[in-house]
Structures are given as C-alpha cells and as structure tokens.
Amino acid sequence: QPPAPAPSRLHELVDGTWTISGENAAILENERLSAMPALTRRQFRLALVLNGYNLADIETLINSIEDPMQRQITMIEWQDATTFHRTNPSLIVMAVLMGLDAVTIDKLWLQASTL
C-alpha cells in the first residue's frame with residue numbers, strides 16, 4: 001500500500017514514515033505565520049483589551065526590558081506601529097513578556113482580524 005501523501009513539501013519519507021527536520025519545520029512555521037493577515041493598530045489593541053489584557057500593564061512590561069535599545073525598539077513598535085505583522089520580532093518579545101504561547105497568540109490574531 002502506498003504511503004499517504006506528504007503532509008508538506010518539506011517532509012521526507014523515512015522507513016515508511018513521513019518525517020521533517022527541525023530546520024524544515026521552522027521554515028514551514030515561518031511561512032504559516034507570514035501568511036497571517038497584518039492587523040491594524042486598532043484591531044491589535046482591541047483584541048488584547050477584549051481578552052482581558054490591560055494596555056498600561058503591557059507598557060509596564062515593555063519598560064521592564066533590561067536592554068535599553070531593545071526596550072526602546074519594542075516601545076516604538078508598541079506605540080507607533082500602524083500595522084502589526086505576526087512575525088515581527090518586537091511582537092515576539094512582547095508575547096514572551098506577557099507569557100503568551102504561540103497557540104494563544106494565533107487565537108488572538110485570528111480574533112483581531114475579524115474586528
């Protein structure tokens with residue numbers, strides 16, 4: 001019996017089982033995240049508030065970043081960005097500070113895209 005189709009173009013058939021290297025899995029994840037719609041500032045912030053996050057608390061977390069340059073870059077992204085992209089490095093920093101995992105971020109992102 002032939003194997004099921006590959007789950008992705010980067011999977012390889014090894015001893016009858018589809019496998020993927022960590023590097024190729026990371027490539028697929030980056031492609032998935034890059035395909036998510038950009039959010040407006042309004043959508044991004046509304047989704048956070050609607051899910052119980054306090055915007056002032058987020059700024060406090062950003063201000064707690066030890067590295068002065070990273071702190072300033074993240075604050076500029078937070079305060080001045082007009083659109084937010086799922087792969088933005090400053091967004092990743094903010095998510096880590098907030099204790100958000102990728103699944104939670106994806107749910108927030110998809111909800112925000114409908115606002």
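## Basis

The model is predicted: local features need pLDDT of at least 70, side-chain atom pairs count only at pLDDT 80 or more, and totals for chains, interfaces and linings use all residues. Residues are numbered from 1 along each chain as its sequence is written, and side-chain values use heavy atoms, without hydrogens or water.

## Largest cavity

Two cavities of 30 Å³ or more turn up in a search of the whole structure. A cavity is a set of points on a 1 Å grid, over the protein atoms alone, where a 1.4 Å probe fits but cannot get out; lining residues have an atom within 4 Å of a point. Volume is the space filled by probe spheres set on the points.

The largest cavity has a volume of about 120 Å³. It has 13 lining residues; Phe 44, Leu 48, Leu 91, Leu 108 and Trp 109 are the closest to its centre. Helices α2 (41–50), α5 (89–98) and α6 (102–112) each give two or more residues to this lining. The lining has 13 nonpolar residues, no polar and no charged.

## Second largest cavity

This cavity has a volume of about 40 Å³. Its lining is Glu 77, Phe 84, His 85, Asn 88, Leu 91 and Met 94. By class, that is three nonpolar, two polar and one charged.

## Thr 74

Thr 74 sits in helix α4 (residues 68–80). Leaving out residues up to four places away in sequence, Thr 74 touches Ile 62, Ile 65, Ser 90, Val 93 and Met 94; contact means heavy atoms within 4.5 Å.

Note on methods. On a 1 Å grid over the protein atoms alone, a cavity is a set of points where a 1.4 Å probe fits but cannot get out, and a pocket is an open set with protein on both sides within 12 Å along at least five of seven lines; lining residues have an atom within 4 Å of a point. Helices (H or I, at least four residues) and strands (E, at least two) are DSSP runs, numbered from the N terminus. Ala, Val, Leu, Ile, Met, Phe, Trp, Tyr, Cys and Pro count as nonpolar, Asp, Glu, Lys and Arg as charged, and the others, Gly among them, as polar.
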